[in-house]
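Trainee: Before I set up any calculation, could we go through this model together, one question at a time?

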Amino acid sequence: MTTDKYSKLVETNKNTIFHPASSISDVLNNGTTIFTTGNGARITTHNEGEFIDGMAGLWCMNIGYGRQEIGETMLNAATNLGYAQTFAATSNQPQIELSEKLLQLTKGVFSRVHYGLSGSDCNDTAFKLIRLYNNLRGKPNKKHMMARVNAYHGTTVAAASLTGIPSFHTAFDLPIDGILRAPKPHFYADGLAGETEPQFTQRMMDEIEKIIIDAGGADYVAAFFAEPIYGAGGVITPPQGYFVALRKLCDRYDILLVADEVITGFGRTGEWFAHQYYGFKPDLMTTAKGLTSGYFPLSALFIGPKVWDVMVQEADQLAAFFHGFTYGGHPTGCAVALKNLEIIERENLVERAKTMGDYLHRELRNRLQGSQIIGEIRGAGLLAGLQLVKSQDLKQFFAKSDKAAVKLQAAVRKHKVLLRGLPTADALAISPSFVIKQSEIDSLVSAVVAGVEEIENILL
Ligand SMILES: Cc1ncc(COP(=O)(O)O)c(C=O)c1O
């Protein structure tokens, strides 16, 4: 396509599209970047050439861009059937095969899967299922849901309410009633002077327990939603022993533990699932993104025996599960997910996320050693977060008005690498495709180092 045609597209875009998570004036004044092609960990834009996509799109393009095999799978699925409903006890072969595969991958922790289209709808489904579970058990007051400060669980009404970032609430009269906000367990930022990491974990548990008790205790609190590693809220890793302790606390109060593995699921941490990485068993798990590596909108809610057994026992009372989506269990999406999982296994991409992730973390540590504004480098596998600080020694953070994370994202972009600044935590996120090459990690880290130097010069 010629430059002229792209200018026309940018103009048409301005006049037709209300963009998600975008500044309206930015789109109207500056237009948009149009992505044109992608290959492996790289993506090409209409006007600035090729970038290393250090975010794998929105943390999802795990097997890399431009996979012909996926295209062929879609073609076959579309020409074979195209669509099939899954309401009223109907099904399709890819959905059945995918479900068997997913339950195998999660090693007996879950009993059933339920499909949707996005991480947000998956969290909304979990939210409704938890209400249903407690209604069926004769516990109508046990409805409060806990989620954490800075958490990101999506943008539909229940998911946005669970999300703990104020900008997703204020303009929309959210959160809905009944959300309890647990503290953000970030030891680096919020650990007290002289407090050890296990002591910090214990303090987090004590604070959570107090919130539970204040809400009325076990009869009132239904579930705790948590990303094993925060994504959009700062790529925050849990303090030592956090999830094992949280699991025990939830059990003590008969609270369901929901792992939101929309980002961490399907290999990103170097294990198939982050709850395996942290050694705990959730009661429910929400997944999307990496399930199809972004090639098709599909989410899967994993339902453990605690909840599933109640559904079966109370099946007559329930009559039917009056919930679902027209496109849930879409045969094309399920076929794409199966092919995506086959590619991940065939190319050992979970192992690769671990080895390349170790390399990424080592290089970031080595090459940012002298930097004054990187306070913490955290994450697991091919998921990393860099904490920006004004002073490492004093652990002093930049003012919001400094917009340090956004400035760093822009500075890195000049070196042909796309990363994401996360303003709520003043952190830079790194989450590339699992097929990223070692040489591309080198380029990515060089871009980060150059960006950090530029920001240091501007902000210090
Ligand atoms: C942890 C987590 N949960 C849920 C969501 C929402 O997913 P979606 O944008 O597909 O609705 C996201 C999206 O980034 C996420 O990171």
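This is a predicted model: local features need pLDDT of at least 70, side-chain atom pairs count only at pLDDT 80 or more; totals for chains, interfaces and linings use all residues.

Trainee: Which domains does the assignment give, and how far apart are their C-alpha centres?

Mentor: The domain assignment divides the chain into domain 1, made of 33–63 + 348–459, and domain 2, which covers 70–346. The C-alpha centres of domain 1 and domain 2 are separated by 26 Å.

Trainee: How many residues does each domain bring to the contact, and how does the side of domain 1 divide by residue type?

Mentor: Domain 1 contributes 28 residues to the contact and domain 2 contributes 27 residues. On the side of domain 1 that touches domain 2, α3, α15, β11, β12 and β15 each supply at least two residues. The residues of that side of domain 1 divide into 16 nonpolar, 9 polar and 3 charged.

Trainee: In the open sheet of 4 strands, which strands stand at the edges?

Mentor: The order of the sheet is β1-β2-β3-β13, and its pairing is mixed: β1 and β2 run antiparallel, joined by 4 bridges, whereas β3 and β13 run parallel, joined by 2 bridges. An edge strand has a single partner, so one side of it is left without a neighbour in the sheet, and this applies to β1 and β13.

Trainee: Which residue in the turn of the β1 and β2 hairpin has a positive phi?

Mentor: Strand β1 covers residues 35–39 and strand β2 covers residues 42–45, and Gly-38 stands opposite Ile-43 in β2. The hairpin has 2 residues between the strands, and the one in the turn with a positive phi, of about 60°, is Gly-40.

Trainee: Asn-150 and Asn-348 both have a positive phi without being glycine; is each of them buried or exposed?

Mentor: Asn-150, with phi of about 75°, is found in the loop between β5 and α7, while Asn-348, with phi near 50°, lies in the loop between α14 and α15. A residue is buried if 20 or more other C-beta atoms lie within 10 Å of its own, and exposed if 12 or fewer do. Because Asn-150 has 22 such neighbours, it counts as buried; because Asn-348 has 12, it counts as exposed.

Trainee: Which helix gives the most residues to the shell around the ligand?

Mentor: The ligand has 15 residues around it, and those that come nearest are Ser-118, Gly-119, Ser-120, Gly-154 and Val-262. By type, the shell divides into 6 nonpolar, 7 polar and 2 charged residues. The helix that gives the most to this shell, with 3 residues, spans residues 119–136 and is α6.

Key. Residues are numbered from 1 along each chain as its sequence is written. A residue is near a molecule or strand if its C-beta atom, placed from the backbone, lies within 6 Å of it. Ala, Val, Leu, Ile, Met, Phe, Trp, Tyr, Cys and Pro count as nonpolar, Asp, Glu, Lys and Arg as charged, and the others, Gly among them, as polar. Two strands pair if DSSP finds at least two bridges between them. Domain bounds come from an automatic or database domain assignment. Two residues are in contact if their C-beta atoms, placed from the backbone, lie within 7 Å.
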